[in-house]
Amino acid sequence: MRAFTYERAHSPREAAAAAARTSEAKFIAGGTNLLDLMKLEIETPAHLVDVNGLSLDKIEATQEGGLRIGALVRNTDLAADARVRRDYGLLSRALLAGASGQLRNKATTAGNLLQRTRCPYFYDTNQPCNKREPGSGCAAIGGFSRQHAVIGSSDACIATHPSDMAIAMRALDATVETVKPDGATRSIPIADLYRLPGDTPQFETNLSTGELITAVVLPKPVGGKQIYRKVRDRASYAFALVSVGAIVQRDGTGRVALGGVAHKPWRVEAAEAEMPRGARAVTAKLLAGAKPTQQNSFKLALAERTLDAMLAEAKG
Ligand code: SF4
């Protein structure tokens, strides 16, 4: 691990300013992804800004009838919150499908959104990887690509986003609240938070330098049957081959977001108009233009069948 300097921030604005002031600075909260990356020298921050002391660990009702989830709320606490379990079951189920109990106890809401891909070549510093070392190439293209993206990828990167929670947040139309180094705040719809890889896969979000996520806001509950189904190689502690987060209303309308298929949570609102016609019609639009590799083309059929089973479950 490379040497780094460290400070504890006392306010969100101070944390953002500290991260912007020092080049190659990173925020640290739960550290469940960052510390591993630092030990492997994939992430080599010169300075860590510890945000654990900030009072961002509350879940509060909003005036609009939704919930404001502090950036430091631990995944375990968020999944167990009675309001989340009652009104946002999709979120609770997605959280419990991720990682392990020990990791969920440490991992935070903002950290979960910002975790890095689990592409094995990203973690192997002997391999070329445009995300880790821009311009070096992509070992996954032409390599072992069973876990990789089937849509929204580029010639530079075919990695997937690993978060289960982000899939639920996308289906629930969450908004991310941030503070910038100058103290300005903004709200970013989660649909606009993530970037596709394009020619610059090293940039994964539209956050600016030093910008700190302070909360994630859920709009008022939309009801419906909320299901999260994660298909993976083993029953626990594995990343999704395909995951599907769905909200199905009594009349058959609803929302669908996919995980394990793209560089970001994958949702195409226009495809949801097809929900009353069934899974095949939805996935035909949702995955239109997909470019799978030979090794992961099975994900297209898997997504359709998973959604089909979920729609049947929702109908009872
Ligand atoms: Fe790196 Fe992306 Fe290629 Fe994986 S898929 S090796 S993360 S550039």
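**A first look around the model**

Biologist: Which residues of helix α10 are buried?
Modeller: Keep in mind that this is a predicted model. Helix α10 covers residues 279-286. What lies over its buried residues includes β11 (254-259) and α11 (298-315). The buried ones are Ala 279, Ala 281, Val 282, Thr 283 and Leu 286.

Biologist: Is Ala 15 buried or exposed?
Modeller: Ala 15 belongs to helix α1, residues 12-21. Setting aside neighbours within four places in sequence, Ala 15 touches Ala 9, Phe 27, Val 49, Val 51, Leu 54 and Leu 212. Buried means under 20% relative accessible area. Ala 15 has a relative accessible area of 0%, so this residue counts as buried.

Biologist: What distance separates the C-alpha atoms of Ala 15 and Pro 120?
Modeller: Along the chain, these two sit 105 residues apart.

Biologist: Where is the ligand, and which residues are closest?
Modeller: The ligand takes up the space of the largest cavity. The shell around the ligand splits into eleven nonpolar residues, two polar and one charged. Of the 14 residues surrounding the ligand, the closest are Cys 119, Cys 129, Cys 138, Cys 157 and Ile 158.

Biologist: Which residue takes a positive phi in the hairpin of β6 and β7?
Modeller: Strands β6 (residues 175-179) and β7 (residues 185-189) pair in the antiparallel sense, over five bridges. Val 179 stands opposite Thr 185 in β7. Five residues lie between the strands, and the one with a positive phi, near 95°, is Gly 183.

Notes. Residues numbered from 1 in each chain as written. Predicted model: local features only at pLDDT ≥ 70, side-chain atom pairs only at ≥ 80, totals over all residues. Heavy atoms only, no water. Near = heavy atom within 4 Å. 1 Å grid on protein atoms, 1.4 Å probe; cavity = no way out; pocket = protein on both sides within 12 Å on 5 of 7 lines; lining within 4 Å. Sits in = over half its atoms within 2 Å of the grid points. Nonpolar A, V, L, I, M, F, W, Y, C, P; charged D, E, K, R; others polar. Pairing = 2+ DSSP bridges. Helix = DSSP H or I, 4+ residues; strand = E, 2+ residues; numbered from the N terminus. Buried < 20%, exposed > 50% of the residue type's maximum accessible area, 1.4 Å probe, protein only. Contact = heavy atoms within 4.5 Å.
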